[in-house]
Amino acid sequence: MESFKNKGIKEIIADFPEIGNILEEYDIGCGPCTVGICQLKDILDIHAMEPDKEQELMARIEAAIYPERGIQIPVKTAQASISEDQLLYSPPMQRLVDEHVLIKRWLALIPFVVETLDLTTAEGMQIVRDGVDLIRFYADRFHHEKEEGILFKYFDDTTEIFQVIYEDHRQARNHVKEMLTAIETEDKSSLAHHFTGYSSLLAEHIKKEDEILFPWLDRKLTADQAQELTYKFDLADMQIGIDIEKYRLFLEQLEEQVRERT
Ligand SMILES: [Fe+2]
Ligand SMILES: [Fe+2]
């Protein structure tokens, strides 16, 4: 089994597809991951499971790889899924999680925006422009740049998990590029396609950060580093000087429109 710990998880799942399903049961979504270059040992480190749960998972993986060995699976002792209220973050990490909340409010509105998309009226165009503005300046410049430019620099960001995160950010920026082209050419279906693609990408991305990456990074950060991060985040926010109220107002107005419709 030790040799399997150093094997790429995508390769293991390709050879033993049921392992993808087993990992899903433990909220480890390696199957749908677009990069998938993590090794099994990285997954165990990143997810920091309770020892008995990790033992149970490893026994199930071993049983899937070597069915002839008659591996005994330990009896389940705890719920497999992560409960959000179990997660406690350091102050700078909590700040990034809080920023996700505003982004998630926008993601929740995207189906409504796509359904009512109207590029022929000033009001319809304004919603689209404000939504893209939120993605470019709040989600990307204000939020992703703090992650990439400050937080990730405290770690070896050449490792696999960071590559997954960078790839998500790159895909998100690509969606924005396509959204801007679609606005210019008044291509409604392309705009709807990229809004929807962005929404599902970012929903998964935020889940990865909130539930896996940030708790893992928090376990590695010292108290001094956490304090320094807060200071650097303050400085970065001041330099960007973004008007967060403008985005809150935009979201409130759209949420009101959704309420009126239902
Ligand atoms: Fe991110
Ligand atoms: Fe984030």
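How many helices and how many strands does the secondary structure of the chain come to? In this predicted model, the count is 11 helices and zero strands. Read from the N terminus, then, the elements simply go α-α-α-α-α-α-α-α-α-α-α. The C-alpha trace spans about 70 × 45 × 35 Å along its principal axes. Of the 262 residues, 23% count as buried. Among contacts with a separation of 6 or more, 75% are between residues 24 or more positions apart.

The chain splits into two domains, with domain 1 covering 2-69 and domain 2 covering 84-261. Their C-alpha centres sit 29 Å apart.

Start with H6 and H9. The axes of these two helices come within 10 Å and cross at roughly 160°, so H6 and H9 run roughly antiparallel to each other. The crossing of H6 past H9 is left-handed. On the H6 side, the contact uses Met 93, Leu 96, Val 97, His 100, Ile 103, Lys 104, Leu 107, Ile 110, Val 113 and Val 114. Facing them from H9 are Ala 192, Phe 195, Thr 196, Ser 199, Leu 202, Ala 203, Ile 206, Asp 210, Phe 214, Leu 217 and Asp 218. Sorted by class, that contact of H6 with H9 holds 15 nonpolar, three polar and three charged residues.

H6 also packs against H10. Here helix H6 (residues 91-115) and helix H10 (residues 223-240) meet at an angle of about 45°, and their axes are 8 Å apart. An angle of about 45° makes the two helices oblique to each other. Pro 91, Pro 92 and Arg 95 supply the H6 side of this contact, while Ala 226, Leu 229, Thr 230 and Phe 233 supply the H10 side. The class breakdown for H6 with H10 is five nonpolar, one polar and one charged.

One residue of H6 gets a closer look: Gln 94, which lies in that helix. Gln 94 counts as partly exposed because 15 other C-beta atoms fall within 10 Å. From Gln 94 to Pro 111 there are 17 residues in sequence, and the C-alpha to C-alpha separation in space is 27 Å.

Next come H7 and H8. Helix H7 (residues 122-149) packs on helix H8 (residues 160-184) at an angle of about 155°, with 11 Å between their axes. That angle makes H7 roughly antiparallel to H8. H7 passes H8 in a left-handed crossing. From H7, the contact draws on Val 128, Val 132, Ile 135, Arg 136, Asp 140, His 144 and Glu 148. H8 brings His 169, Ala 172, Arg 173, Val 176, Met 179, Leu 180 and Ile 183. Taken by class, the residues where H7 meets H8 are eight nonpolar, two polar and four charged.

Is Glu 186 buried or exposed? Glu 186 counts as exposed, since it has 11 C-beta neighbours inside 10 Å. The backbone is worth a glance here too: Glu 186 has a positive phi of about 55°, although the residue is not a glycine.

Definitions and conventions: Residues numbered from 1 in each chain as written. Chains lettered and ligands numbered in written order. Predicted model: local features only at pLDDT ≥ 70, side-chain atom pairs only at ≥ 80, totals over all residues. Axes fitted to C-alpha atoms, helices over the stretch in contact; angles between N-to-C directions. Helix = DSSP H or I, 4+ residues; strand = E, 2+ residues; numbered from the N terminus. Parallel < 35°, antiparallel > 145°, perpendicular 65-115°, else oblique. Left-handed = near helix turned anticlockwise from the far one by under 90°. Contact = placed C-beta atoms within 7 Å. Nonpolar A, V, L, I, M, F, W, Y, C, P; charged D, E, K, R; others polar. Buried ≥ 20, exposed ≤ 12 C-beta atoms within 10 Å, placed from the backbone. Domains from an automatic or database assignment.
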